[in-house]
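This report covers aromatic ring pairs and a strand pairing. The sequence and structure come first.

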Amino acid sequence: MRSMTGYGRGECLLYERKFTVEIKSVNHRYNDITIKMPRTLLVYEDRVKKLLSGEIFRGKTDVYINFESYSKEDVKVNVNEALADGYVSALKSLKKRYEINDEISLSLIARFPDIITVEKAISENETDEVWECLEKACLSALDMFVEMRRKEGEALKENILLKLDTINNAIKQVEQRAPEVAKDYRIRLTERLQELDELNVDETRLITEAAIFADKACIDEEITRMFSHISQMRSILNEQSPVGRKLDFLVQEMNREVNTMGSKSNDLEITNLIVDTKSEIEKIREQVQNFE
């Protein structure tokens with residue numbers, strides 16, 4: 001049981017290389033993992049995504065990978081000889097034109113921009129060592145990330161279970177009240193008919209009207225399904241696999257049932273209970289959106 005919101009950070013210093021990995025996630029309908037890393041490390045992107053996908057199943061997840069190298073194998077010095085030739089040729093031309101005797105030194109040429117550039121590159125024969133360090137940093141960040149999601153998920157679970165208890169108690173009250181609704185209607189109908197014609201109350205008509213109302217106001221099926229949905233939700237909340245979509249579906253079904261109860265019952269006491277129940281279901285719906 002995990003939330004979709006989480007954060008994790010991990011570092012690894014190995015073979016004169018240091019990787020820092022940060023993982024952040026927020027709610028999202030699908031599993032969307034975005035990895036931001038130095039261009040020289042793009043060869044490892046698929047490996048990183050596969051590693052994370054084994055533990056992250058839903059949410060908008062951003063992964064930031066920072067790389068520092070202290071290894072000489074990872075540094076490449078480039079000399080732009082064509083540009084240097086151009087500078088030397090220009091300097092010789094200036095010497096000749098203005099009759100300057102100064103020598104053209106190496107230090108002077110090296111100071112010109114883009115003559116010598118330093119590029120951080122990872123040697124192909126170091127792939128396994130680089131991945132070993134990067135993998136450890138990813139796993140360290142992932143452990144923290146998953147644990148944070150788990151703790152938040154457990155907190156959400158406990159809160160939802162309390163709300164389910166409230167809903168269950170309300171539906172039990174509705175179940176107790178429901179049979180009385182038809183009886184109350186028959187009494188009111190009898191009193192109304194007597195007011196209209198005290199000497200001639202058609203018992204057959206009374207029974208028929210009461211039966212029609214009882215049939216229309218019957219919410220036994222909805223009550224049964226509500227208890228079933230509550231039981232299913234409690235069971236799902238104890239599963240270890242991602243449950244967000246299952247819970248989202250159940251919340252929709254619970255809303256459907258209580259709406260039907262409210263429209264059928266035609267009873268103030270039941271209506272008040274339904275209003276309170278819908279409020280609790282809406283709170284659950286908001287929390288369910290956070291589950292992986």
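The model is predicted. In it, F112 is partly exposed, with a relative accessible area of 23%. That value falls between the 20% below which a residue counts as buried and the 50% above which it counts as exposed.

Y87 is likewise partly exposed, and its relative accessible area is 23%. The ring centres of Y87 and F112 lie 4.2 Å apart with the planes at 10°, so this pair is stacked. Y87 belongs to helix α2 (residues 81-98), while F112 sits in the loop between α3 (106-110) and β6 (116-120), so the contact ties together parts 25 residues apart in sequence.

## The pair of Y44 and W131

There are three aromatic pairs in the structure. One of them joins Y44 and W131: the planes are at 5° and the ring centres 6.3 Å apart, so the rings are stacked. The angle is under the 30 degrees required for stacking, and the separation is within the 6.5 Å limit for a pair.

This pair links distant parts of the chain, 87 residues apart. Y44 is in the loop between β3 (31-36) and α1 (45-53), and W131 is in helix α4 (residues 127-196). Both Y44 and W131 are buried.

Strands β1 (residues 6-14) and β2 (residues 17-26) run antiparallel and are joined by nine bridges.

Terms used. Residues are numbered from 1 along each chain as its sequence is written. This is a predicted model: local features need pLDDT of at least 70, side-chain atom pairs count only at pLDDT 80 or more; totals for chains, interfaces and linings use all residues. Side-chain values use heavy atoms; hydrogens and water are left out. Rings of Phe, Tyr and Trp (its six-membered ring) pair if their centres lie within 6.5 Å; planes under 30 degrees apart count as stacked, over 60 as edge-to-face and the rest as tilted. Helices (H or I, at least four residues) and strands (E, at least two) are DSSP runs, numbered from the N terminus. Buried means under 20% relative accessible area, exposed over 50%, partly exposed in between (1.4 Å probe, protein chains only). Two strands pair if DSSP finds at least two bridges between them.
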